[in-house]
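User: Hi! I have a structure here and would like to talk through its insides with you. Could you take my questions one at a time?
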Amino acid sequence: MAKRERKARRQPVQFDSPALIWVACLCLYTFAFLLFANTLNGEFLFDDRPLILQNPQVTEQLYSDIVVPTRGYRPVRTLTYAINYALGGEDPWGYHLFNVALHALNGLLLFFLLRMWTGSVWPSFCATALFLAHPAQTAAVAYISGRKDLLALFFVLAGLLLYSRFRETGRHWRLAASLFLFLMGFFSKEVVIVFPALLMMADALHLELRRPQASQQEPAGQGPTFLRAFWQAARRHPLLYSAAALAALAGLYHATFVMRASRMVGLWGGSWETNLGTSFKLFAHYAKMILWPFPLIADYKGDVFPISGGFSEPMTLVALLAAAAYLGLAVWVYRKAPLISLGLLWFALFLLPVLHLIPFHEVAADHFLYVPLAGIAVAVAELLRLLAKSDSFPTRAAWAAVAVLVAASSVFAYQRNETWNDATRLWEDTLAKAPQSFRANVNLGRIYFESSASDPVKRRQALEMTRKATQLEPEEATALVNLGSMYFEIGSKSAQDPQRQEDWITSGLDLLKRGLQHDPSSPSALSNIGNCYKSLSLLHRQRGQVEEAERLWNMAKDYYERALQSDARRETRAAHYNLAVLHQDVGNQQEAIQQLRLFLKAWPRHADGNARLGTILLSVGRSQEAIPYLQRAVRYKPVQENMLYLAEAQQRSGRLQDAAETYLSTLQRYPHLKDIYFNLAQVLYLQGNIQESKRAFQIYLRDGQNPTLLENARQALQQLEEKEVQQDVPG
C-alpha cells in the first residue's frame, strides 16, 4: 500500500487551474523580457538606418504613403516604426523595447496555442521557454529590422489561435479574423504566404482528429493515413482552401513582380542544379541550428555559406538525404504522435520561402529561423506531454535535459545579445567567424576609417578591408562607393600637397563611377561624385584655370541634383546640404538657404546644417530668422563657434538679455576665450548695466590678447568713467 502511495505521489503535477496558468504566463513574459533586456541600449545597425532614419514615411509621419505599394513594401512593419518615431524620435531605446515586448508576447501566444493543442500546461511551458531562449532568436529580437520576423510570428500565432477556436465553435467571425491576420502577417513579411498551407496541415494532422465525430469513426491509433488525412481535410473544406490558395498565389505574384522583394540576378551556383542543391544544404544547415546554433553569424553575404556544386558533390548528397530523413520522420511519426508531425512540418513549411526555390538576394540569415522554431516548440511540447504520462527514468531525464537546455540557451542568448549592441562589436565578431563576409569587411572598414583620423595603421586596415569587400562582391556598389569616398576624404585632407590631393580625389572619382555603373540610382555614389567634382573645381580655381573650374562646378551641381532625384529616402536629401555649400562658395546665398531648408526638413537635428543655415541668414541681415537654427545647432553641438554666432544673432536682434546669457554660458564652457568678455561688456552697456559692463571691460584689459580689442576696451572704459564723472558733477 505504501509503495503504491509513493508511486502516486511521483505522478507529475498538472497545472490546470486558471491562477497557475496566469502565473505561468507571468513567468514566461518576465523571463523573455529579462533575457533580452540587455538589448535595450543597442544602437541602430545597418538596415535600420535606411528603413527608419532615412525613410520619410517614418520620419515625416506620412501614414497615407505607408500603404502605397513600393519596393520593400511591408506596411505593417513600417507603421510600427512610424509609431515608434512619433513617440521617441531617433532614440533606438524605444524601438528595442518594442521588439523585446513583442518577442515576450509571442511567447505567451505560443504558450496558449500549445496548451490548447496539447491540453497540458507544464510541457507547453517548457517548450515555450526553449523557444524564447534559443540563441538564434537574438538576430530577430536585438536587431530592430528583425521586427518583421517578430510581427510575422505574432500574426501567425494569433491567426492559428482564432482558427483553432473556429474549428471548436463554428463561429465564422473567428475564421474571418484569422484570414485578416494572415494578410497582416503577409504585409509584415512575405514568408507568411504559407499560412494557408499551415491551416490545412493543422486541420489534417490535428484539428480534425479532435472532432467528436472523428473519435467515434476511427479507433484509437487507427486514424487515416498521412496522405488520406490531407485528402479528407481538403474534401471537407474545399472553398476555404481554394480561397486561401488564391490569396497565397496573389501574394506570391505581388511579392515577386510588384514589390520585387528579390534583388537576385541569376541562380545560386549558376544553374538550377546548383541552386536546388544549395536549397538542400540550407535546409540541413537550419535543421542543425535547432540543436547546435553555432556559429551564429550576423550576415552571410560574400563567401560565407558553401554554395552547392551540384548533386555530384558529397555534401549536397548528404544534405539531400538529411532532408529526406527529416520529412520521412515527420510522416512516420504521424500515426503515433500527429502533433509532433505537425510541428516538424511547420518548421519545414516556413523555411520553404527562404530556401531559394525562387532565388533571392540573401543566401542565409539566422533570423530566418524565428518563425520555423515555433514549429519545433509544438513538437517538443507534444513529446514532453507523451513522456509525462509515465514516471520512468527517461521522463525524469527529459525534464532535466529541458532545464539544462533552457539554462544553457539563456546564457548563450544573453551573451549573443551583447554582441548585437553596437556595430563595431557585431562586425568584429562576424569577421572573426566568417572572414569572407562581404558586409563584415565593408561595414567594419567604414567604421575603422571614420574612427582612425590619427591612426594610420587602423586607416590602412580599413582600406584593406574595403578593397577586400570589392573583390568578394565585384558587382556590389556599396564597397566601391565606400572606397571611393574614403579616397576622396584622404585627398580632401591633403591640401598642403595639391598634386597628391588631386591624385587621391581622381582615384576616388574613378571608384565612385564604377560603383554608379552597378547601381545607377545610388544617392551616395552620386553625392560623392559631386563632392569630387567640387573639390577638383576649387583646385583648378586656385591655379587660375577659371574655365575648367566652372565646368567642374557645373558637373558637381548636376550630380547633386541627380542624387536628389534618385530615391525618396532621407539619405538622398543629404545632397541638399552639398548643393547648399556649392552655392554658398560662389556667393549664391539665397539658393544656399533654400537648399538647407530642404535638407533640414529631412535632417532636423543635423547640427552643422542648422549652424550653416543660421550663419548664412545672419550674414544677409536676417538675424531674427537665424536664431532658432543657431539654437538647435547649440543644442546638438555646443561648440564655441555655434554659441558665439547665436549670441551675435541675439544681439543684432535686440534680444540683449538672451545674448548676455549666451555669452556667459560660452564663458562657463570655454573660460579661456577671454575675447568674449569684450562682447559681453558691449551687450551689458547696451542694456544700461554700466557697472557690470565696466567690470567685463576690466577683466578683458587684464586677460585679453587681441591688441585692437584691448585698445577699444581702454577707450570704451575711459568713456564710461568720464560719463560717470560728468553725472556726478552738480548741474
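This is a predicted model: local features need pLDDT of at least 70, side-chain atom pairs count only at pLDDT 80 or more; totals for chains, interfaces and linings use all residues.

User: What is the volume of the largest cavity, and which helix gives the largest share of its lining?
Analyst: The volume comes to about 40 Å³. Its lining is made up of Asp149, Lys189, Val191, Phe350, Val354, Phe368, Tyr370, Val371 and Pro372. The largest share of that lining is 3 residues, and these come from helix H19 (residues 370-387).

User: Where is alanine 374 found, and is it buried or exposed?
Analyst: Alanine 374 belongs to helix H19. Its relative accessibility is 0%, and the cut-off for burial is under 20%, so alanine 374 counts as buried.

User: Which residues is alanine 374 in contact with, leaving aside its neighbours within four places in sequence?
Analyst: Phenylalanine 350 is 24 residues away from alanine 374 along the chain, and their C-alpha atoms are separated by 9.8 Å. Contact asks for heavy atoms within 4.5 Å. With the sequence neighbours set aside, the partners of alanine 374 are Leu110, Phe131, Leu153 and Trp346.

User: How much space lies in the second largest pocket, and which residues are closest to its centre?
Analyst: About 790 Å³ of space lies in the second largest pocket. Its lining has 31 residues. Closest to the centre are Ile290, Leu291, Ile376, Val380 and Leu405.

User: Which helix supplies the largest share of the lining of the second largest pocket?
Analyst: Helix H8 (121-133), helix H16 (272-291), helix H17 (314-332), helix H18 (338-351), H19 and helix H20 (393-419) each supply at least two residues. By class, the lining has 29 nonpolar, 2 polar and no charged residues. The largest share, 8 residues, comes from H19.

User: Which residues have the most contacts inside the largest nonpolar core?
Analyst: In soluble globular proteins, nonpolar side chains tend to be buried together. The largest nonpolar core here has 119 residues, and those with the most contacts inside it are Trp117, Leu160 and Trp346. Its largest share, 13 residues, comes from helix H10 (residues 147-169).

User: How many residues are in the second, separate core?
Analyst: This core includes Val581, Leu630, Ala659 and Ala713. Its size is 44 residues.

User: Which helices do the buried residues of H23 pack against?
Analyst: Helix H23 (residues 456-472) has 17 residues and reaches 24 Å from its first C-alpha to its last, close to the 24 Å expected. Its buried residues are Arg459, Ala462, Leu463, Met465, Thr466, Ala469, Thr470 and Leu472. They pack against helix H21 (423-433), helix H22 (438-450) and helix H24 (477-492).

User: How many helices and strands are there in the chain?
Analyst: The C-alpha atoms fill a box of roughly 120 × 65 × 50 Å along the principal axes, and buried residues make up 51% of the 731 residues. Among contacts with a separation of 6 or more, 68% join residues 24 or more positions apart. The chain has 36 helices and 0 strands.

Definitions and conventions. Residues are numbered from 1 along each chain as its sequence is written. Side-chain values use heavy atoms; hydrogens and water are left out. A nonpolar core is a set of buried Ala, Val, Leu, Ile, Met, Phe, Trp, Tyr and Cys residues joined through side-chain atoms within 4.5 Å. Buried means under 20% relative accessible area, exposed over 50%, partly exposed in between (1.4 Å probe, protein chains only). Helices (H or I, at least four residues) and strands (E, at least two) are DSSP runs, numbered from the N terminus. On a 1 Å grid over the protein atoms alone, a cavity is a set of points where a 1.4 Å probe fits but cannot get out, and a pocket is an open set with protein on both sides within 12 Å along at least five of seven lines; lining residues have an atom within 4 Å of a point. Grid points are joined across faces, edges and corners, and a volume is the space filled by probe spheres set on the points. The expected span of a helix is 1.5 Å times one less than its number of residues. Ala, Val, Leu, Ile, Met, Phe, Trp, Tyr, Cys and Pro count as nonpolar, Asp, Glu, Lys and Arg as charged, and the others, Gly among them, as polar.
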